[in-house]
Amino acid sequence: MKLLDIEVVLNVVDKGVRQAKYKPEVLKELDDTTTSYAIVSHRWEEEVKFEEMIGLMMMKKEERTEVKRRRGYRKIVKSCERAAKDGYKWLWIDTCCIDKRSSAELSEAINSMYRWYQNAKICYVYLSDVGESTFPIKRDDDKFPQSNGWPEWFARGWTLQELIAPKEVEFFNEGWALIGNKRRLAPTLQVITEIPCEVLTGGLAGKCLSVAQIMSWAADRETTRVEDRAYSLMGLFGVNMPMLYGEGRKAFRRLQLEIIREFTDHSIFAW
């Protein structure tokens, strides 16, 4: 996986400190099983792409200024600052750590993503629509009308595995203030997601869960691409398949077939 070098991001890319002797690498290919890294989960907004991140220092001043004004850029910097404070040297965020111009790299990343979140030492969840200094514990349809009364992060398809897979999850509000962690918030998270506390705190391993039960956690979640409704569930079932964007709803049928090959649970036919 490609990981951001936190020191390079903060001292070279953001502050513009030039290195005379060498050209520092913003991203480095490392092994997720042997590297200690933090990972980010978030809603997409005005993001910074892979090619923009690695080419930022070579851009003209006007272009560089435009990129640095984006909410997505500040998200990268703030998450790097938090990771550095927590003692980490490496960080992964999907916006700029995957070269999406390469279909092969994108497919590999999607098939590996559950494992990457699972192997991360900590996951930072950024709730950009929460301005308060405490985690919301009551449904508020007036404040979050588009996401069932809860922060929009809980309504997105990809964030389901990003909540379950990591052992340690911390939640941050719009201003990057820490407002809770997965273990302490497990009862509230169970109310929001219908995921049992024992899964939230201990993961899927060793749990007697039906395919239909896991599918139900994703039923009301949305993805920008219809195919991602299937692709975002692969890791939860431990299956892999090639990405074929453009196949539409056929992606979910392919997912069902892969699940049937792995499980004898007939509850899959309810979906």
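In this predicted model, Thr95 touches His42, Trp44, Glu47, Val48, Lys49, Phe50, Ile76 and Lys100, when residues up to four places away in sequence are not counted. Thr95 lies in the loop between strand E4 (90–92) and helix H5 (103–119), and it counts as buried because its relative accessibility is 2%, where buried means under 20%.

Glu45 is also a loop residue, placed between strand E3 (38–41) and helix H2 (50–54), but with a relative accessibility of 26% Glu45 counts as partly exposed. Leaving aside neighbours within four places in sequence, Glu45 is in contact with Arg71, Lys75, Tyr126 and Ser128, and the side chains of two of these residues, Arg71 and Ser128, are joined to the Glu45 side chain by the polar contacts tabulated here.

| Side-chain pair | Polar contact |
|---|---|
| Glu45 and Arg71 | 3.1 Å |
| Glu45 and Ser128 | 3.4 Å |

From C-alpha to C-alpha, Glu45 is 30 Å in space from Arg253, and the two residues are 208 residues apart in sequence.

Helix H12 (residues 250–262) has 13 residues and reaches 19 Å from its first C-alpha to its last, which is close to the 18 Å expected at 1.5 Å a residue. Within H12, the residues Ala251, Arg254, Leu255, Gln256 and Ile259 are buried, and the buried residues of H12 pack against helix H9 (211–217), helix H10 (228–231) and helix H11 (234–237). An α-helix has 3.6 residues a turn, so residues three or four places apart point the same way.

Note on methods:
Residues numbered from 1 in each chain as written. Predicted model: local features only at pLDDT ≥ 70, side-chain atom pairs only at ≥ 80, totals over all residues. Heavy atoms only, no water. Helix = DSSP H or I, 4+ residues; strand = E, 2+ residues; numbered from the N terminus. Expected span 1.5 Å × (residues − 1). Buried < 20%, exposed > 50% of the residue type's maximum accessible area, 1.4 Å probe, protein only. Contact = heavy atoms within 4.5 Å. Polar contact = N/O pair within 3.5 Å; in protein donor to acceptor, adjacent residues only side chain to side chain.
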